[in-house]
Amino acid sequence: MDSKIVASFVAFLGTLIVAGFTLWNNYKIREESKKEQKRKKLEEAKVIHQIKLSEFYIPLRHYLENSKTLFKIFKKGKPEKFRTLTYLLNPNQKYEGQVQVTLDKNDRSILSKIFEIGEKIEDLIYTKSYLVGDDDEFVKSYEPREKYKDLPYEKDMTILSLLISHIVVIRLAYDQKLIGNQENFESFVFPNEINVRVDEKIEDLNKNIRNCNASIQRNMM
């Protein structure tokens, strides 16, 4: 075979090999870039979940649990149908068996502490609720689940708005700045489902963080 033909073939083969390596290298670079972009998005999502947890939902749960514990103490010895807000609006009302409730010093001390926690909840929602603006169950009109439909909640409000409204109204009633007109305020009772929804959200966010970590690990392989 002519040496020039052999040389041309070798040169052509070399060119193909170089082109193949170049294409493979470019492919690997693109794949690594895609992986890096995906990893970055996962890291960003993870950070968002963590911020929601640490700056809003976990503090909110802490306050709600403290308030719930104190309220259990306060409620002891009270009639089953006793509602703090409606009582404060009308302390002379009577319950089943014609029982009339009178708050003693201990009751008022516990209520004062509950209201202090309420102010912290109020401040947290006012300053940090922007973090949960995409969490529909907290920012869309509240629709109580079947278990929580027994109370006449105010319509077309979010569960966070109901919570704040309750905190404000009950504090005003305790300070005797609201008296009577029970029917106008009874729909602003405490939305009990808030505790359940916050717990569920914390569980979901922790699950999302675990999923992000798992995806990041897979993406690094």
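This is a predicted model: local features need pLDDT of at least 70, side-chain atom pairs count only at pLDDT 80 or more; totals for chains, interfaces and linings use all residues.

User: What is the secondary structure of the protein, and which pattern does it follow along the sequence?

Analyst: The protein has seven helices and two strands. Read along the sequence, they follow the pattern α-α-β-β-α-α-α-α-α. Of the contacts with a separation of 6 or more, 73% join residues 24 or more positions apart. Buried residues make up 36% of the 221 residues.

User: Which residues of α5 and α7 meet, and what classes do they belong to?

Analyst: Ile-159, Leu-160 and Leu-163 in α5 meet Glu-193, Ile-194 and Arg-197 in α7. By class, this contact has four nonpolar, no polar and two charged residues.

User: How do you know that the length of α5 agrees with its number of residues?

Analyst: At 1.5 Å a residue, the 16 residues of α5 should span 22 Å. The end C-alpha atoms of α5 are 22 Å apart, so the two values agree.

User: What makes α5 largely enclosed by the rest of the structure?

Analyst: The count of buried residues decides this: 13 of the 16 residues of α5 are buried, so α5 is largely enclosed.

User: Is Asn-195 buried or exposed, and what does Asn-195 touch?

Analyst: Asn-195, which is found in helix α7, has a relative accessibility of 10%. Buried means under 20%, so Asn-195 counts as buried. Leaving aside residues up to four places away in sequence, Asn-195 touches Leu-64, Glu-65, Lys-68 and Phe-190.

User: Where is Gln-176 found, and is Gln-176 buried or exposed?

Analyst: Gln-176 is found in the loop between α5 and α6 (182–185). The relative accessible area of Gln-176 is 61%; since exposed means over 50%, Gln-176 is exposed. Just after α5, Gln-176 takes a positive phi of about 60°. Gln-176 and Leu-89 are 87 residues apart in sequence, and their C-alpha atoms are 8.0 Å apart in space.

Technical notes:
Residues are numbered from 1 along each chain as its sequence is written. Side-chain values use heavy atoms; hydrogens and water are left out. Contact means heavy atoms within 4.5 Å. Helices (H or I, at least four residues) and strands (E, at least two) are DSSP runs, numbered from the N terminus. Ala, Val, Leu, Ile, Met, Phe, Trp, Tyr, Cys and Pro count as nonpolar, Asp, Glu, Lys and Arg as charged, and the others, Gly among them, as polar. Buried means under 20% relative accessible area, exposed over 50%, partly exposed in between (1.4 Å probe, protein chains only). The expected span of a helix is 1.5 Å times one less than its number of residues.
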